[in-house]
Amino acid sequence: MASEPTAMADLFESITSSQDVYTVELGVHFALQILFWWLPGITLVSLNYLAPSFSTRYKIQPAEKQHTLLDIGRCVAVSICNQAIELLLHFCLLNYYTSRGREATVRMKGDLPSLAEFTRDFVLSFIAREAIHYYLHRLLHWRPLYKRLHKIHHNFTAPIAFASQYAHPVEHILLNVLPITLPLVVLRSHVLVLIVMVGWDLLATSVAHSGYDFFLGLAKMHDRHHERFHVYFGSSGGFGIMDWAHRTNEESVVQKKVD
Ligand SMILES: [Zn+2]
Ligand SMILES: [Zn+2]
């Protein structure tokens, strides 16, 4: 992958050499939100109105707990604010790094990463993301922080896709942005790793909050967290690894009560 003059390498080269770094990096984050969060979110939320019988068949929680149009409006407004804050903070971070001679927060120019480099950065950032997200989420369930920050996100006991970014701005940065951005910036990963990681994270969180059970059980765990509060603290795209390790999956919590 490294020095082959591939079409993808040419595309990256032409974009990074013709546009300034602010346009490219902030544009990548904006495009990822549109492609992997807004479009899946609009599709999933629309199912309730465009295909009601299909929607009813696959909804995890009962009809009386489902959202209203007002709920959708609240989610959209809060999510736009959170995404604007996120882009502003990203601008500040980029400004900080470029003023110190770094080309961007992640690597943009030169060869594409080799398969070995891509795999190493993907695995390390995935593990770091899971750990940071899990422990910060547990911390946000500590009563003083829960009341001030995390309670807003838990207003939805039966979530919808747009509720994935319905959160206090501080929580949005701590749980949705920091765990994924920090490892990639520390590792100075290639922007291609960032695109895959952030794209998967946004898609997974939309699906996990969708309230539908036709995604191989992916939505069930986080839906259960919204319903029960004390199970499944792991990230939406983490396949329950941290909950399994800490015995905060539902089976273990039930077993602990029996013991
Ligand atoms: Zn929670
Ligand atoms: Zn949630």
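**Figure 1. F239 in the loop between α9 and α10.** With 15 C-beta neighbours inside 10 Å, F239 counts as partly exposed. The structure shown here and in the following views is a predicted model. F239 belongs to the loop that connects α9 (218-228) with α10 (241-246). Although F239 is not a glycine, its phi is positive, at about 60 degrees.

**Figure 2. R247 in the loop between α10 and α11.** R247 is placed in the loop that joins α10 to α11 (250-258). Its backbone has a phi near 55 degrees, which is a positive value in a residue other than glycine. R247 has 11 C-beta neighbours inside 10 Å and therefore counts as exposed, the limit for that class being 12 or fewer.

**Figure 3. The chain as a whole, for orientation.** The chain is built from 11 helices and has zero strands. Read from the N terminus, its elements follow the order α-α-α-α-α-α-α-α-α-α-α. The radius of gyration is 19 Å, close to the 18 Å that the globule rule gives for 259 residues, so the chain is as compact as a globular protein of that length. Taken along the principal axes, the box filled by the C-alpha atoms is roughly 55 × 45 × 35 Å. Of the 259 residues in the chain, 32% are buried. Among contacts with a separation of 6 or more, 70% are accounted for by residues 24 or more positions apart.

**Figure 4. Packing of helix α2 against helix α8.** Helix α2 comprises residues 21-50 and helix α8 residues 191-208; their axes come within 9 Å and cross at roughly 20 degrees. The two helices are therefore roughly parallel to each other, and their crossing is right-handed. On the α2 side, the contact is made by V28, L32, Q33, F36, W37, P40, G41 and L44. On the α8 side, the residues are V191, I195, V198, G199, L202, L203 and S206. By class, this contact of α2 with α8 holds 11 nonpolar residues, four polar residues and no charged residues.

**Figure 5. V28 within the contact of α2 with α8.** V28 lies in helix α2 and is one of the residues through which α2 meets α8. Leaving aside residues up to four places away in sequence, V28 touches V191 and I195. V28 and V191 are 163 residues apart in sequence, while their C-alpha atoms are 8.8 Å apart in space. Is V28 buried, exposed or partly exposed? V28 has 19 other C-beta atoms within 10 Å and is therefore partly exposed, since a buried residue requires 20 or more.

**Figure 6. Packing of helix α5 against helix α8.** Helix α5 (residues 115-140) packs with α8 at an angle of about 45 degrees, and the axes of the two helices are 10 Å apart. That angle makes α5 oblique to α8. The crossing of α5 and α8 is right-handed. Helix α5 contributes F118, D121, F122 and S125 to the contact, and helix α8 contributes L192, V193, V196 and M197. The residues of this contact of α5 with α8 are classed as six nonpolar, one polar and one charged.

**Figure 7. Packing of helix α4 against helix α7.** The axes of helix α4 (residues 69-99) and helix α7 (residues 169-187) come within 10 Å of each other and cross at roughly 65 degrees. Helices α4 and α7 are therefore roughly perpendicular to each other. Their crossing is right-handed. From α4, the residues that make the contact are N82, I85, E86 and L89. From α7, they are P169, H172, I173 and V177. The contact of α4 with α7 contains five nonpolar residues, two polar residues and one charged residue.

**Figure 8. S53 in helix α3.** S53 lies in helix α3, which spans residues 52-58. How many C-beta neighbours does S53 have inside 10 Å? S53 has 6 such neighbours inside 10 Å and therefore counts as exposed. S53 and C92 are 39 residues apart along the chain, and their C-alpha atoms are separated by 47 Å.

Conventions:
Residues numbered from 1 in each chain as written. Chains lettered and ligands numbered in written order. Predicted model: local features only at pLDDT ≥ 70, side-chain atom pairs only at ≥ 80, totals over all residues. Helix = DSSP H or I, 4+ residues; strand = E, 2+ residues; numbered from the N terminus. Rg over C-alpha atoms; globule rule 2.2 N^0.38 Å. Contact = placed C-beta atoms within 7 Å. Axes fitted to C-alpha atoms, helices over the stretch in contact; angles between N-to-C directions. Parallel < 35°, antiparallel > 145°, perpendicular 65-115°, else oblique. Left-handed = near helix turned anticlockwise from the far one by under 90°. Nonpolar A, V, L, I, M, F, W, Y, C, P; charged D, E, K, R; others polar.
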